[in-house]
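Thanks, everyone. I'll keep this short. Please have a look at the chain on the screen before I start.

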Amino acid sequence: ALEQGIAFQSAIANNLPQLSGDAVMLEQAVLNLLTNALLHGGTGLTQIELNCSATADGVVIAVVDNGKGIAEADIATAMAHFGQVEPSMGSGLGLPIALAVAEAFGGSVTPKSGKGQFSISMVLPIR
């Protein structure tokens, strides 16, 4: 992010609950979310945030950027295996892998696109 002149901020809560699952796969899922923001945020992208917080029954990991976002009509394509909204250097597997990891943890992934902001949240329950 710094090499591209993009501000990166993180807010990770203290005392997050212990999750049960594959730590390497969770790391890869988060890296995929961050990489997707960098690769697909567009020329107007100037900021990416990584937020991790606790809920009553789990953890929420969210990546938020101020890039071009994804049209609501294209979100299903972006979440599909090998799905690409537009031609890119990616393989179309970043978001599906993040979704598969979240589901392996018993959780979910929720993308939200709004004017001037795109966010994707992984909600992971405590088991």
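This is a predicted model: local features need pLDDT of at least 70, side-chain atom pairs count only at pLDDT 80 or more; totals for chains, interfaces and linings use all residues.

Phe105 touches Leu19, Ser20, Gly21, Asp22, Leu26, Leu124, Pro125 and Arg127, leaving aside residues up to four places away in sequence.

Where does Phe105 sit? Its place is in the loop between α3 and β4. Buried or exposed? Phe105 counts as buried, because its relative accessibility is 3%, and the cut-off for buried is under 20%. Now look toward the end of the chain. Phe105 and Ile126 are 21 residues apart along the chain, and their C-alpha atoms are separated by 8.7 Å. Gly106 follows α3 and has a positive phi, near 85 degrees.

Next, the helix before that loop. Helix α3 covers residues 94-104. α3 lies across β4 and β5, and runs at about 25 degrees to β5. Which residues of α3 are buried? They are Gly94, Leu95, Pro96, Ala98, Val101 and Ala102.

Two of those names come back in a moment. Asn36 lies in helix α1. Leaving aside residues up to four places away in sequence, Asn36 touches Gly41, Gly94 and Leu95. Gly94 and Leu95 are both buried residues of α3. What about Asn36 itself, buried or exposed? Asn36 counts as buried, because its relative accessibility is 18%, again with the cut-off at under 20%.

Now step back to the whole chain. How many helices and strands does the chain have? There are 3 helices and 5 strands. Read from the N terminus, the elements go β-α-β-β-α-α-β-β.

On to the sheet. The 5 strands form an open sheet with mixed pairing, in the order β1-β2-β3-β5-β4. Which are the edge strands? β1 and β4, the latter being 108-114, and each pairs on one side only. From one strand to the next, the twist averages 10 degrees.

Take the pairings one at a time. β1, residues 7-12, and β2, residues 47-55, pair in the parallel sense over 6 bridges. There, Phe8 stands opposite Ile48 in β2. β3, residues 58-65, and β5, residues 117-125, run antiparallel and are joined by 8 bridges. In that pair, Ala62 stands opposite Ser121 in β5.

Where does α1 pack? α1 packs on the sheet and touches β1, β2, β3 and β5. The direction of α1 makes about 20 degrees with that of β3.

Here is the part I would ask you to check on your own screens. β1, helix α1 and β2 make a β-α-β unit, and that unit is left-handed. In this unit, α1 covers residues 23-40. The two strands of the unit, β1 and β2, are the parallel pair I described, with 6 bridges.

Last, some totals. The chain has 127 residues, and buried residues make up 37% of them. Among contacts with a separation of 6 or more, 56% are between residues 24 or more positions apart.

Methods
Residues are numbered from 1 along each chain as its sequence is written. Side-chain values use heavy atoms; hydrogens and water are left out. Two strands pair if DSSP finds at least two bridges between them. Helices (H or I, at least four residues) and strands (E, at least two) are DSSP runs, numbered from the N terminus. A crossover is right-handed if, with the strands pointing away from the viewer, the path from the first strand over the helix to the second runs clockwise. Axes are lines fitted to C-alpha atoms, for helices over the stretch in contact, and angles run from 0 to 180 degrees between N-to-C directions. Contact means heavy atoms within 4.5 Å. Buried means under 20% relative accessible area, exposed over 50%, partly exposed in between (1.4 Å probe, protein chains only).
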